[in-house]
Amino acid sequence: MKLTDEELDERFVTEISMIIEREIAKEDFESSKTYSYLCSDDPFIEEGPEYFLDLYIVMN
């Protein structure tokens, strides 16, 4: 099935938007206190990802 130019444009905008959103989220997270904590030398980090998501939401 061949896509129309309009469909291709829509897909392009959607894909670019998703890439930009991921990069913004990554930049925000990497500058957060939660990210700093995860990168610390604390040997007692045994929590799962849900805990750190909650921590990120509360701390930022």
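These are my notebook entries on a predicted model and what I looked up in it.

**Ground rules.** I number residues from 1 along each chain as its sequence is written, and for this predicted model local features need pLDDT of at least 70, side-chain atom pairs count only at pLDDT 80 or more, and totals for chains, interfaces and linings use all residues. Side-chain values rest on heavy atoms, with hydrogens and water left out.

**Overall layout.** I began with the secondary structure and found 3 helices and 0 strands. Helices (H or I, at least four residues) and strands (E, at least two) are DSSP runs, numbered from the N terminus. The order from the N terminus on is α-α-α. The radius of gyration is 18 Å, well over the 10 Å that the globule rule gives for 60 residues, so the protein is more spread out than a compact globule. For my own reference, that radius is taken over C-alpha atoms, and the rule is 2.2 Å times the number of residues to the power 0.38. The C-alpha trace spans about 55 × 20 × 20 Å along its principal axes.

**Surface.** How much of the protein is buried? I get 7% of the 60 residues, where buried means under 20% relative accessible area, exposed over 50%, and partly exposed in between (1.4 Å probe, protein chains only). The protein exposes about 5,500 Å², and carbon and sulfur atoms supply 57% of that; areas come from the Shrake-Rupley method with a 1.4 Å probe, and for residues only the protein chains shown count as cover.

**Nonpolar patch.** Next I looked up a nonpolar surface patch of about 550 Å², made by Phe 12, Val 13, Ile 16, Ile 19, Ile 20 and Ile 24. Ile 19 sits in helix α1 (residues 5-30) and is partly exposed at 39% relative accessible area.

**Aromatic pair.** Rings of Phe, Tyr and Trp (its six-membered ring) pair if their centres lie within 6.5 Å; planes under 30 degrees apart count as stacked, over 60 as edge-to-face and the rest as tilted. That rule gives me 1 aromatic pair. The ring centres of Phe 29 and Tyr 35 are 5.5 Å apart with planes at 75°, so I log the pair as edge-to-face. Phe 29 is partly exposed at 27%, and Tyr 35 is partly exposed at 28%.

Is Ser 32 buried or exposed? Ser 32 is buried, at 3% relative accessibility. A polar atom of the Ser 32 side chain lies 2.6 Å from the backbone oxygen of Phe 29. Ser 31, in the loop between α1 and α2, is exposed at 60%. The Ser 31 side chain reaches the backbone oxygen of Asp 28 at 3.1 Å.

Note on methods. Patches are made of residues with over 30% relative accessible area and no salt bridge: like charges are joined within 9 Å, nonpolar side chains (Val, Leu, Ile, Met, Phe, Trp, Tyr) within 5 Å. A salt bridge is a side-chain nitrogen of Lys or Arg within 4 Å of a carboxyl oxygen of Asp or Glu. A polar contact is a pair of N or O atoms within 3.5 Å; within protein, one must be able to donate a hydrogen and the other to accept it, and residues adjacent in sequence count only if both atoms are side-chain atoms.
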